[in-house]
Amino acid sequence: MTEEREITEKNNQPLDTRGGLVTASAPWAFLQERFPRPDFESGYAPPEAALPAPRGLALEYLDVVVLMAALSLAAFLALKRPSRRSFFLLTLFSLLYLGFWREGCVCPVGSIQNITLVLFDSGSVIPLTVIAFFMLPLLFALWFGRVFCSSVCPLGAAQELVMIRPFNLPAGVIHFLGLLPYVYLGVAVLAAAIGADFLICRYDPFVGFFRMGATLEMLIFGGFILALGTVVGRPYCRFLCPYGVLLKWMSSLSKYHLTTTPSACVRCRLCENSCPFGCLLKPAPERDSEPRSLRIRRLALAGVHPFSHRGGSRSRPPGSHSLIEDSSDGQSGGTRRAGAPGNGPRRD
Amino acid sequence: MVERESIDRRSFLQTGLKGAAALAVTAAGAGAAFRLSTDDRVWQIDPWKCVQCGRCETECVLTPSAVDCVHAYDRCGYCNLCFGYVHPNALEQTTAAENQVCPTAAIRRTWIEGPYYEYTIDETLCIGCGKCVKGCVTFGNGSLCLQIRHDRCVHCNICAIARSCPGRAFSRVPARRPYLLKTGGGGGDHGRRWRNPSASS
Ligand code: SF4
Ligand code: SF4
Ligand code: SF4
């Protein structure tokens with residue numbers, strides 16, 4: 001900014017002699033000479049305006065460290081010591097620290113736009129902390145699934161804590177509403193790329209609560225989402241959050257995933273309705289599977305012409321006769337992660 | 001012995017597409033790292049671009065706004081009759097409240113010597129309406145300017161005022177030099193007299 005100004009200033013100087021032009025476009029261009037500063041005889045020295053410094057850089061890095069620690073703890077809890085109680089406590093901490101204390105800014109969800117802006121606007125730069133906030137949850141998702149959503153995201157935490165009696169929505173509704181985040185992501189990235197607006201921040205339903213102040217419309221919207229969240233599990237996460245889309249892509253490749261073990265399932269069916277997000281698939285009859293060599297040929301063909309064999313496209317993987325849990329993906333269930341019949345727990 | 005995990009076409013395609021998308025996201029993050037700044041960025045107003053529209057008072061996510069008037073004393077003429085202080089249409093030129101520009105009486109006027117007076121802003125009273133700035137810029141030296149006070153600003157990812165500022169006066173500045181006063185002050189080059197950048201156009 002300052003460098004830019006210094007250049008403009010140099011370019012300006014000759015213009016100052018062309019009084020009429022300059023005064024017409026900027027009437028105050030000469031005004032520093034209008035009333036020269038007096039020479040005080042009483043020894044008066046002008047005070048310095050008190051200009052408080054912004055929050056220190058060290059504290060910004062502390063935020064990154066806290067995010068990192070919370071993500072590590074969430075991954076550890078999810079994979080090694082799953083317990084509702086510990087998750088609840090971590091969720092509460094995230095809500096208090098990232099939400100109410102840091103007032104929800106900058107959060108990984110909104111950082112999508114900073115990344116987009118810096119990629120498209122050659123004049124802008126991006127602080128390291130923002131890149132860290134963008135990348136850390138994604139990298140964790142690449143290894144451990146969406147641990148960020150589970151208990152670190154302050155927006156998710158707000159909804160998690162109001163989830164009183166979640167009902168399962170029909171699969172079709174979930175699927176349809178699940179397309180909204182893609183639209184939202186696209187529009188938000190477009191708006192940030194052209195430098196028009198940061199829509200995700202503007203329409204963040206909860207940041208008004210974190211800051212204890214927002215426009216009436218946003219408070220109503222936030223209140224509506226929270227009220228809805230008491231009977232529909234995490235509506236913002238599942239049906240709006242654009243960062244969730246990125247996390248979903250990442251976690252689909254994740255290495256240490258939460259899965260069920262089909263061979264160990266005794267089909268008690270107690271879990272069928274227990275997931276408030278509809279992620280547990282009900283048992284489905286096993287389909288006759290084709291020989292492996294034929295499937296490979298089909299795959300090769302699919303690469304050439306994906307729609308040439310629509311009939312096969314709805315098939316479930318063999319082995320999905322048992323319940324499959326997929327923490328990564330609220331919409332499409334866990335079909336990808338199924339094991340072959342009788343091959344026990346997932347190998348990789 | 002473990003059998004190879006079987007995979008069907010749908011899941012193969014899904015994984016492939018998501019993998020490609022994940023790669024793109026990672027690349028975007030890495031690409032952004034080319035424009036890395038080790039310093040943090042904060043919002044600030046360029047007083048040369050501000051047209052004192054009054055939105056700084058109303059658009060900020062905080063109430064009262066994080067924007068306050070800041071006096072760049074270096075530029076001030078210490079005028080007896082300050083139109084940042086007293087209303088130009090005032091019935092009489094006195095310091096009575098109804099003649100003051102500031103709606104909250106946040107400006108204090110102190111006699112220094114001879115015909116010279118010092119004007120001080122009380123930040124706890126200032127609401128950032130910019131009325132005094134308009135008076136000072138129109139009739140005086142323009143030593144009053146609106147600035148975001150970084151002790152109050154919560155550093156929104158997108159400043160709500162920046163979005164609607166008609167002068168496009170907001171930008172992200174390095175946190176080490178967080179103020180843009182016309183001359184002097186914490187962030188500016190002390191003693192420099194900046195000219196209006198827009199005068200070149
Ligand atoms: S919104 Fe822009 S033009 Fe209006 S008072 Fe604030 S800085 Fe000045
Ligand atoms: S006139 Fe407005 S901007 Fe100036 S000191 Fe008063 S409240 Fe602050
Ligand atoms: S960044 Fe937010 S708090 Fe700061 S001045 Fe802008 S709107 Fe107000």
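Where in chain B is the place of B:Gln52? B:Gln52 sits in the loop between β2 (41–45) and α2 of chain B. This is a predicted model. The predictor gives the complex an ipTM of 0.74 and a pTM of 0.73.

**Confidence in chain B**
- Chain B has a mean pLDDT of 81. In this chain, 87% of the residues reach 70 or more.
- Residues 184–201 of chain B stay under 50 in pLDDT. For this stretch the model has 57 contacts beyond four places in sequence.

**Chain A overall**
- Chain A contains 16 helices and one strand.
- Of its 348 residues, 48% are buried.
- Among contacts in chain A with a separation of 6 or more, 75% join residues 24 or more positions apart.
- Helix α15 (residues 242–251) of chain A is largely enclosed by the rest of the structure, because ten of its ten residues are buried. Among them are A:Tyr243, A:Leu246, A:Lys248 and A:Trp249.

**Where α5(A) meets α1(B)**
- Two packed helices are described by the angle between their axes and the distance between the axes.
- Helix α5 (residues 108–120) of chain A packs against helix α1 (residues 9–32) of chain B at about 65°. Their axes are 9 Å apart.
- The crossing of α5(A) past α1(B) is left-handed.
- From α5(A), the contact uses A:Ile115, A:Val118 and A:Leu119. From α1(B), it uses B:Ala28, B:Gly29, B:Gly31 and B:Ala32.
- Five residues of this contact are nonpolar, two are polar and none is charged.

**A:Ile131, a residue touching both chains**
- A:Ile131 belongs to helix α6 (residues 128–144) of chain A.
- A:Ile131 is buried, with a relative accessible area of 9%.
- Leaving out residues up to four places away in sequence, A:Ile131 touches A:Ile115 and A:Ile126 in chain A. In chain B, A:Ile131 touches B:Gly29, B:Ala32, B:Ala33 and B:Leu36.
- A:Ile115, B:Gly29 and B:Ala32 also take part in the contact of α5(A) with α1(B).
- A:Ile131 and A:Val64 lie 67 residues apart along the chain, and their C-alpha atoms are separated by 10.0 Å.

**Ligand surroundings**
- Ligand 1 is surrounded by 13 residues. The closest are B:Cys50, B:Val51, B:Cys53, B:Cys56 and B:Cys165. The shell has ten nonpolar residues, two polar and one charged.
- Around ligand 2 are residues including B:Cys69, B:Cys102, B:Cys126, B:Cys129 and B:Cys132. Its shell divides into eight nonpolar, three polar and no charged residues.
- Around ligand 3 are residues including B:Cys60, B:Cys153, B:Cys156 and B:Cys159. B:Trp43 is also one of the residues around ligand 3. This shell has twelve nonpolar residues, no polar and no charged.

**Backbone details in chain B**
- B:Gln52 is not a glycine, yet has a positive phi of about 55°. B:Gln52 is buried, with a relative accessible area of 12%.
- B:His155 also has a positive phi, near 55°, in a residue other than glycine. B:His155 lies in the loop between β6 (144–148) and α4 (160–164) of chain B.
- The peptide bond from B:Thr63 to B:Pro64 is cis, with omega near -5°. B:Pro64 is in the loop between α2 (55–59) and β3 (67–71) of chain B.

Terms used: Residues are numbered from 1 along each chain as its sequence is written. Chains are lettered from A and ligands numbered from 1 in the order in which they are written. This is a predicted model: local features need pLDDT of at least 70, side-chain atom pairs count only at pLDDT 80 or more; totals for chains, interfaces and linings use all residues. Side-chain values use heavy atoms; hydrogens and water are left out. Axes are lines fitted to C-alpha atoms, for helices over the stretch in contact, and angles run from 0 to 180 degrees between N-to-C directions. Helices (H or I, at least four residues) and strands (E, at least two) are DSSP runs, numbered from the N terminus. A crossing is left-handed if the near helix is turned anticlockwise from the far one by less than a right angle, and right-handed if clockwise. Contact means heavy atoms within 4.5 Å. Ala, Val, Leu, Ile, Met, Phe, Trp, Tyr, Cys and Pro count as nonpolar, Asp, Glu, Lys and Arg as charged, and the others, Gly among them, as polar. A residue is near a molecule or strand if one of its heavy atoms lies within 4 Å of it. pLDDT is the predictor's confidence in each residue, from 0 to 100. Buried means under 20% relative accessible area, exposed over 50%, partly exposed in between (1.4 Å probe, protein chains only).
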